[in-house]
Amino acid sequence: MEADPNAAVASYPLVSLLPVLRTFEPPAGAFNPAGPWRQTWGVYTFAGRTAVTGRVGRLTLQRQVNGAAARLEVTYSKELTGGREEVTGTLEGPADAPLATPDRWTFRIRLLDAQGNPVPHTDITRKAVRDGGQITISDPSETRRLAVPGPYTVNWCLFDAVQRLPGEDTKPLAFTLIDHADQVKPETTLAFRKAMDVQVAGGKTVRTRAYEQLGRGNVPWVYWTDEAGRLLWVVAGLEGYALEAAGESAAKHAPAPYGSSQNRDKAGG
Amino acid sequence: MSRPDAPFRLTRRRALQAGAAGAGALLAGCAPGATAREARQADASPGDDRPNILLIISDQLGLDAIGAHGCPDVATPHLDRLIRGGTTFMESHSASPVCSPARSSIMTGFMPVETGVVSNGRPIHEKRKNLGQHFRPHGYETVYCGKWHLPGGYQAAIDGFDVLPAGKGQGDLNDTAVSNACAAWIKQRPKEKPFLMVASFMQPHDICYWGNARANRMPPDLGLPFEALRGRLPALPPNHTSRPPEPKILASHFVGDYSEDMWRYYLWLYARMIEMLDADVGRVLDTLEAAGQADRTVVILTSDHGDGRGRHLHVSKWYPYDEAMKVPMILACPGRIKAGQADRAHLVTGLDVMATACDYAGIKPPAGSGGRSLRPLAEGRDVPWRDFVVSEWQGAGRMVRTARYKYARYPGDPVEMLFDMQEDPWETKNLYQEAALADVLARHRTMMDDYLAGLDVVDPTASNERPARPAAPKKKRT
């Protein structure tokens, strides 16, 4: 792709991940995106004169399903100069929501120094719960109410949602993005982009479906799934993700049925 | 504006006098409502009612790229509320339209040739103190988070500051962590001392990597890569194809091989990156308010430089046109700083950040700094002001900006630049050869020469980056 300008245009913006694709081994076997699963992506940053500057982190999502309810557990770790950022979160909502929209979520964000010790005064936990057209986000010292009329979702949930979209039969979805779990970015859309073959390690070809997310407060995000729905790659501006491990979730802590009081108490308290 | 085009050195002396006076008049003129705030202040910082200083630095944010500054292509609710709640300076010029040199000036109050940071990737000369080094001995808690670039883009340690880790990556990979860390720290910090915090965001600097042809993010013939954006892209600027006579090095910078779709996509991307910045600024401002610190924190928001944005067929920075040179300079603090004020009369510069922060903190500014406190202007008081500001870049280019004219030159290049900014704000007519303006040209040359002669120049510090080489000239595709 790199040497051929036409290929670079045709694969845009996947060309940013080209060095990763050269060694990418596509996952094999059956996959049920509506069931429990666990996937890990490497987090990449792009800049300068080379397409990939480096792998700077890891994102793991674990989806659990119990009847009509789904829970998405997020573990994100990113290198920093002199330390790293650790984000853990849980998002809960109906299992069949097209955007994997959560009704409640909790995120903890921590900074660790180079020795792995917590950086003082930087550990923050935010909880959010939907109440009609409003989302209440709170931490121990602050409660904010965000007016979010209409459909919405949280950024990590789109990594889940795209895996169940029906390819070219996808109708464009319009929604408000709650980015990084607390930043409101309206007028966002998610739509099918195109089907395309991508060459990976050993000259193998993977048939993919690409989806594009456009909206306020973000550069375009493009998601590539394989034909089974597994999310292989994501490119958003100078940020990229490439699947490193995929499997069925252990589902040891399956959530209580969606809407139960047990479920609400655990996440919303 | 007093004494049109008077030598800057005179106003520099006035600046030092004004700074000393300001230090003695700490918090004088607090607005009505101060009494109501006292209980919270006493609770927050017993025994020390000096204001906190929150310096927010963005990267590559042009002054007129913000909604409240008239940009129709971007939604910046948080920057807009900062502007509406404070004073914004509409004649704000970077001390250098290049990252590291501009940042050295913001952090010290001195011109880049006085800090040793004459190009990217250099540390500040040991002769100059940064804000943290200057504030910490005066009892301020000093914290830095985000891009530094003096010399390292991000550093685990910075003299004078406690550093909250950040970095490794571009855009959201950085800025989200920066705003989260700053927000958490503001809420959880020990409350014994006032703080000086620098929240230094990367966006919208990511746009640099779209303008870099070798990075493959705008490959030739890309066209519009997202068809859904058709009909929703920003318009091209009125001076898009303007190519007035330029010094040779500047003429080599332009981008001639983008289609109109690509240029407009570039502008659309830039707007989205500014909105990403806006969300992170919002997270920090929300925290200040929620923590009851907004009315005891002086917020200063600025940028190191702007971006070409297709004006004069340019991307990026490194040149004296307004798109690269003009940056936001916004001050806000409810009850202390005049709200809803857009100052169009006073020429300000990144050098003024240090003097302004010092003034509010009751700290004497560094001796010899060319910066001036913006406090009296922000509080609506009329004071004698400077007649011009100066900028420098690439170790060679120099610009003088007066109320009406912009003059720039590169040593050894016979082509100079003179623009009438009142008659030609888009800088389309280079008037340096106009006989009728020979007098104006001569005066601006003298201003620049006098100013440069008055600087306390130090040896450039060692750079950790390769010297930038402009790309080969490109021809406009037909």
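## A buried glutamate and its partner

Glu246(B) is buried, with a relative accessible area of 10%; here buried means under 20% relative accessible area, exposed over 50%, and partly exposed in between (1.4 Å probe, protein chains only). Glu246(B) forms a salt bridge with Arg243(B), and their closest N and O atoms are 2.8 Å apart. A salt bridge is a side-chain nitrogen of Lys or Arg within 4 Å of a carboxyl oxygen of Asp or Glu. Arg243(B) is partly exposed, at 31% relative accessible area.

This is a predicted model: local features need pLDDT of at least 70, side-chain atom pairs count only at pLDDT 80 or more, and totals for chains, interfaces and linings use all residues. Residues are numbered from 1 along each chain as its sequence is written, chains are lettered from A and ligands numbered from 1 in the order in which they are written, and side-chain values use heavy atoms, with hydrogens and water left out.

## Chain A in outline

Chain A has four helices and 15 strands. These are DSSP runs (helices H or I, at least four residues; strands E, at least two), numbered from the N terminus. Of the 269 residues in chain A, 57% are buried. Contact means heavy atoms within 4.5 Å. Among contacts in chain A with a separation of 6 or more, 51% join residues 24 or more positions apart.

## Where the chains meet

The area buried between chain A and chain B is about 4,600 Å², with 58% of it from carbon and sulfur atoms. Buried area is the accessible area (1.4 Å probe) that two parts lose on being put together, summed over both. Tyr12(A), Thr81(A) and His121(A) supply 16% of the area that chain A buries against chain B, more than any other three residues.

Between the two chains there are 21 residue pairs in polar contact, both residues at pLDDT 80 or more. A polar contact is a pair of N or O atoms within 3.5 Å; within protein, one must be able to donate a hydrogen and the other to accept it, and residues adjacent in sequence count only if both atoms are side-chain atoms.

## Charged pairs

Over all chains, the structure holds 50 salt bridges. Five salt bridges lie between chain A and chain B. In one, Lys187(B) pairs with Glu142(A), with the closest N and O atoms 2.3 Å apart. In another, the side chains of Asp286(B) and Arg144(A) meet at 3.2 Å, N to O. Asp286(B) lies in helix H10 of chain B and Arg144(A) in strand S8 (residues 142-147) of chain A, so the pair joins two chains. Asp286(B) is buried, at 15% relative accessible area. Arg144(A) is also buried, at 18%.

Lys204(A) forms a salt bridge with Glu25(A), with the closest N and O atoms 2.8 Å apart. This pair links distant parts of the chain, 179 residues apart. Lys204(A) sits in the loop between strands S11 (183-199) and S12 (205-214) of chain A, and Glu25(A) in the loop between helix H2 (18-21) and S1 of chain A. Lys204(A) is partly exposed at 39% relative accessibility, whereas Glu25(A) is exposed at 52%.

## Arg216(A)

Arg216(A) lies in the loop between S12 and strand S13 (221-226) of chain A. Is Arg216(A) partly exposed or buried? At 27% relative accessibility, Arg216(A) counts as partly exposed. The side chain of Arg216(A) makes a polar contact with the side chain of Glu187(A), at 3.1 Å. The two residues are 29 residues apart in sequence and 6.1 Å apart in space, C-alpha to C-alpha. Leaving aside neighbours within four places in sequence, Arg216(A) also has contacts in chain B, including Ala75(B), Arg272(B) and Glu275(B).

## Cores and a covered helix

The largest nonpolar core has 135 residues. A nonpolar core is a set of buried Ala, Val, Leu, Ile, Met, Phe, Trp, Tyr and Cys residues joined through side-chain atoms within 4.5 Å. Leu59(A), Trp105(A), Phe159(A), Leu190(A), Trp233(A), Trp210(B) and Tyr265(B) touch the most other members. Helix H10 (residues 260-290) of chain B gives the most to this core, with 17 residues. A second, separate core of 37 residues includes Met107(B), Leu131(B), Tyr360(B) and Leu374(B).

Helix H4 (residues 99-108) of chain B is mostly covered, with ten of its ten residues buried. Among them are Cys99(B), Arg103(B) and Met107(B). Gly109(B) follows H4(B), and its phi is positive, near 90°.
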